[in-house]
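Let's take a friendly walk through this model, starting with the core and moving on to the charged pairs.

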Amino acid sequence: MREACAIRTVVFVHEQGVPPEEEIDEHDRTDPEAVHVVARDAAGRAVGAGRYYVTEPFTIQIGRMAVLAPERGSGIGAALLDALVSEARKRGFVKAHLHAQTHATEFYRKAGFYDDGAEMWDAGIRHRPMSRKLA
Ligand SMILES: CC(C)(COP(=O)(O)OP(=O)(O)OC[C@H]1O[C@@H](n2cnc3c(N)ncnc32)[C@H](O)[C@@H]1OP(=O)(O)O)[C@@H](O)C(=O)NCCC(=O)NCCS
């Protein structure tokens, strides 16, 4: 969690200007069902993070997907998403939702997510709801 939050702080707070008090929430602090993943480079250094939490029976919400800027574009984000989807499948979840920053919708489309609603503003950033089946 310490490493995941450190990456998210660099990416969301320092790079994107999200207020620090909005970045860490109850799914990081106290949610026993939330699942967090961390990607490491060959030297063992944490370079990416992501999470999901449970929203309703059999359904998860993926979020806080972050890869350090110098490491982007080499498949780390896709591997993080894959790990979250595999873990959710193993635990019996059948549907995943997320709120994609609009610049990242293509990244999620490539992982099988489809547009699922109108764009919205969250933490000062435009987002698009997207979903996919897991089963
Ligand atoms: C979005 C993010 C997690 C993607 O991570 P990444 O490691 O760069 O992504 P990958 O290298 O695994 O990309 C997987 C595929 O998506 C594509 N892709 C990745 N980011 C993209 C983007 N912004 N626009 C279009 N395509 C993109 C890649 O080209 C690649 O396609 P390919 O399989 O055809 O080669 C990363 O850019 C990031 O941390 N951004 C800042 C934080 C952020 O905005 N997070 C998303 C919050 S919703």
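Which residues have the most contacts inside the largest nonpolar core? They are Tyr52, Ile60, Ile62, Tyr108 and Phe113, in a core of 24 residues. Such a core is a set of buried Ala, Val, Leu, Ile, Met, Phe, Trp, Tyr and Cys residues joined through side-chain atoms within 4.5 Å. Buried means under 20% relative accessible area, exposed over 50%, and partly exposed in between (1.4 Å probe, protein chains only).

This is a predicted model: local features need pLDDT of at least 70 and side-chain atom pairs pLDDT 80 or more, while totals for chains, interfaces and linings use all residues. Residues are numbered from 1 along each chain as its sequence is written, and side-chain values use heavy atoms, leaving out hydrogens and water.

Now for the charges. The structure holds 17 salt bridges, each a side-chain nitrogen of Lys or Arg within 4 Å of a carboxyl oxygen of Asp or Glu. Here are three of them, with the N to O distance.

| Pair | Distance |
|---|---|
| Arg64 and Glu23 | 2.9 Å |
| Arg109 and Glu106 | 3.2 Å |
| Glu119 and Arg126 | 2.8 Å |

Salt bridges with shared partners also join Arg8, Glu23, Asp25, Asp28, Arg51 and Arg64 into one network. In the second pair, Arg109 is partly exposed at 34%, and Glu106 is partly exposed at 43%. Glu119 is partly exposed too, at 36%, and Arg126 is partly exposed at 39%.
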